[in-house]
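Welcome! Here is a friendly walk through a structure that may be new to you. Take a look at it first, and then read on.

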Amino acid sequence: MLIAILLGFIFSLFLVFTGKVFRGKFAILSAAIPLILFIYFAQFIGRISNGEVITEMHSWVPSFGVGLGFTLDGLSLLFSLMITGVGFLVFLYTAAYLKNHKYLDRFYGYLSMFMAAMLGLVLSDNLISLFVFWELTSISSFFLIGFNNSNEASRKSAITALSITGLGGLALLVGAIFLGVVTGTYSIAEMLNSGIDIGSNSYYSIIVVLIFVAAFTKSAQFPFHFWLPGAMKAPTPVSTYLHSATMVKAGIYLLMRLTPVLGAHELWNSTLIVVGAITMVYSAVHTIFRTDLKGILAYSTISALGILVFLIGQGTTDALLAASVFIIVHALYKATLFLMTGVIDLQTGTRDTTVLRGLRKVLFPVAIAGFLAAISSAGIPPSIGFLGKELTYESTLHFEYSAILLIVLIVITKILLLYSGFVAGIRPFAGKLPERFEKVRMPSPLLWMPPLLLAVTGIVFGVFPGIIESSMIKPVVSALGKDGAEVHLQLWHGFNTILWLSVLTIVIGTILYFLIKPTARLEAGIAKLEFLSPKSISLKIWVWFTKFSDIWTNFFQNGYLRSYVSTILVVLIALTGYSLYNTAQFNINFDKFSKVTIYEAVISLIMLVAIFYTVFTRSRLAAVASMGVIGYAICLLFVFYSAPDLAMTQFSIDTLTVILFVLVLYKLPKYLRLSDYKTRIKDGVLSLAVGAIITVLVLEVLAEPVNGEVSDFYANNAYLLAHGKNVVNVILVDFRGADTMIEISVLSIAAIGVFGLLKLRLKKSDQR
Amino acid sequence: MEVILAILIGVLYAAGIYMILRRSLVKLILGIIILGNGANLLIFLLGRIVKGSPPIIPGDSEVFESIYADPVPQALILTAIVISFGLQSFAIILIKRAYKVVKTDDLDEMNAIDKDS
């Protein structure tokens, strides 16, 4: 199974080297990858429907309990088959859709990477590896959405999608870690078996909220839904793949997968029902106002996702059954509609529903596909969509709380979805063919076969629901923790409330279709309310955030060295000063200190004068000279306090520095006072404060006892181990010999640098 | 004496920082040198100071028998002095070179690399 998941990654890596081959005629060969995977997963259908669960374990980071554990049960099988099946058709379709595109190989690379990540996501048993694959889908979808990278809108929507889903990914990681801490394992299967009641844990609500953020961002639930319509800038195969069967279903998958772990709790159920209901109604209403085919499909996709969340929120066996069926329904008809849109776009050059009419005369097979998908989306028998709708109504009707309100909402949504399905799937083909489309030609079969195949599958499943009943749906429901549930799919349920609701939906929806024509005026009308939408609000937050960071950055990162130094010093003064204020003792014990002799007093005085002179003189030469005096004074202090080696080094180095300075001094600019009076005062106060803090710090440290362990070691072993009597020298050349060697290398590098700078002769052209 | 040294260290730090905050490159380097001296003295003082007993084992014995100055800070400071010399000499030559190219000593005018001077 690991190979199956990695196949997509391997293939995309392979494309890096053999891209040229797949860019041209052989592009279609890459469709073999999803086909092989589809067949591979299809052979498990038998075993899974017998209730088997196939697991595979590879340890990865065992110390953190993170493993590559894969589980193939009904739920993952359903998703795997959708991912590879729709993937296969999309791969085929792309070969014709992006024929001779400059970067076709790249596109296939991203697509197979995405497919592999998606497979990994639905097969992972471990929450951490699930998170890794989750992020991989976000990243690869970023490349897919922004595939037309020369288009600014396309780049922007790719970034929006990435930041929204990336945000959700972070929430998922934190949620997963919380779950792992609470249950003691990252494996979902082990969580289920552990029997820990997470619902009563005090972290339950945090976990649920984090998981919700992850699922809602990925599955475009209100108020995070706005990245999805934006993502329509992507080439149509991407929209098809991401928004019908894969990417946006990842959130749904996560919710379904965790239903047995976290579900059956008031917070879980009511939040999902409310968010799902808002999303489904909100975006279903939005479809009325769109004229772009892809825009309509985007909003109807969000609405469908809302229905799924709504059903998962109900959490009853009926609702989960309805959700599983509806996932298949939606994947089939939405992929068809997207692919069909792509064909129309490619052949006519427009996706505007206000001008597209009568295309059945020129694109007949596509028209059939569109029609079949439309009736499936409308839930008209004998399509599988009818089954999905019936089950949805049934579970909502039997829900224990406010069933009436919920059924009204779901019926409204379904009516609007029927309308939008008709607008997308039937309207472009109905009516009289305008003159401008008379020359439209039939495209290659690679373009019309995939949508037709999907649409027909939807009808076949509808007529013979037995095909999927025990092989697919039942294992899914049992994977959701409803073992042994009665699953019986059939088209005809007899005359009951649900049937009447269906009839009502279809009648009102059809009337709506004939009454409301998509016009540009309606779209402009809704655009006026745009400022209230979550998209504009988040855009505003975005803008403000950028402005804020702009101000922040420009204030602190202004490019002036001294302002960085000042900032660091102010923080240092504040923190150290505060700490000293709280803890300092200020009891200086003069008895412990050595007496001041006249030599030391004079040296200190000389040093003090030299320091002041260096700072305040206006002559460069005087400043350098008095700096030399400071150095010599320190040298004498070293002599007084038993450090002969230091004194010698300080003496020679100080002399060398002064000589070097004097040598280049007259090549340097005049020694001007550049800053004004105020700045000088400010800097003076700052530096005096630091000096004072350092003095206090020194006195405080001197009051503490000294630990001489290390020094004693060196002193005692200098002769015994290293046979040297000057301990400082022994430390430098023997105990820490390697350090000294590196120090010498540093010096040599500095010397080479100095030499290079001195000898550097700029060419005439470089001299300005 | 320790108190006087502590104050001296404080003054060295203050002077060094004040010079670093100037706009002139020459002053910046002088500031770094002074700050380095202050830091050396700080380490030296914190190792406690002892008069007239350098960390050299007397000729006829193998270990110290009486009190001795702490050798570890001395070794550290020795290294620091030498390394800071490397830094200083490189910096001095660098400003000389930089001045030749950009014709300014003012740090504020050295911000943009592409600005034609």
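In H30(A), the buried residues are A:Val727, A:Val728, A:Val730, A:Ile731 and A:Leu732. A residue is called buried if 20 or more other C-beta atoms lie within 10 Å of its own, exposed if 12 or fewer, and partly exposed in between, with C-beta atoms placed from the backbone. Helices (H or I, at least four residues) and strands (E, at least two) are DSSP runs, numbered from the N terminus.

A word on the model and its labels: this is a predicted model, in which local features need pLDDT of at least 70 and side-chain atom pairs count only at pLDDT 80 or more, while totals for chains, interfaces and linings use all residues. Residues are numbered from 1 along each chain as its sequence is written, and chains are lettered from A and ligands numbered from 1 in the order in which they are written.

## Chain B

What does the secondary structure of chain B come to? There are three helices and zero strands, and from the N terminus on the elements run α-α-α.

Chain B has 117 residues, of which 53% count as buried. Take the contacts in chain B between residues at least 6 apart in sequence: 49% of them join residues at least 24 apart. Two residues are in contact if their C-beta atoms, placed from the backbone, lie within 7 Å.

## Where the two chains meet

The contact between the chains takes 86 residues from chain A and 76 residues from chain B. On the side of chain A that touches chain B, the elements giving two or more residues include helix H24 (561–583), helix H25 (598–616), helix H26 (620–640) and helix H31 (737–759) of chain A. Which helix gives the largest share of this side? That is H28(A), with 13 residues.

By residue type, the side of chain A that touches chain B divides into 56 nonpolar, 20 polar and 10 charged. Here Ala, Val, Leu, Ile, Met, Phe, Trp, Tyr, Cys and Pro count as nonpolar, Asp, Glu, Lys and Arg as charged, and the others, Gly among them, as polar.

## Domains of chain A

Chain A is divided into domain 1 (1–262), domain 2 (265–519), domain 3 (561–712) and domain 4 (713–768), with bounds that come from an automatic or database domain assignment. The centres of domain 3 and domain 4 of chain A, taken over C-alpha atoms, are separated by 24 Å.

Five residues of domain 3 of chain A are in contact with six residues of domain 4 of chain A. H29(A) supplies the largest share of the domain 3 side, four residues. The residues of that side divide into one nonpolar, one polar and three charged.

## A pair of crossing helices

Now look at helix H14 (residues 293–314) and helix H18 (residues 403–425) of chain A: their axes come within 10 Å and cross at roughly 150 degrees. That makes H14(A) roughly antiparallel to H18(A), a term for angles over 145 degrees. The axes are lines fitted to C-alpha atoms, for helices over the stretch in contact, and angles run from 0 to 180 degrees between N-to-C directions.

Among the residues that meet here are A:Leu293, A:Ile296 and A:Ser300 in H14(A), and A:Leu417, A:Gly421 and A:Ala424 in H18(A). The residues of this contact divide into seven nonpolar, five polar and no charged.

A:Phe79 is found in helix H4 (residues 74–97) of chain A. Why is A:Phe79 classed as buried? A:Phe79 is buried because 27 other C-beta atoms lie within 10 Å. Not counting residues up to four places away in sequence, A:Phe79 touches A:Val122 and A:Tyr253.

Most residues other than glycine have a negative phi, and most peptide bonds are trans. A:Ala220, not a glycine, has a positive phi of about 55 degrees, and A:Ala220 is found in the loop between H9 and H10 of chain A. With 28 C-beta neighbours inside 10 Å, A:Ala220 counts as buried. A:Pro223 lies in the loop between helix H9 (204–218) and helix H10 (227–230) of chain A, and the peptide bond from A:Phe222 to A:Pro223 is cis, with omega near 0 degrees. A cis peptide bond also joins A:Pro381 and A:Pro382, where omega is about 10 degrees.

Technical notes
Parallel < 35°, antiparallel > 145°, perpendicular 65-115°, else oblique.
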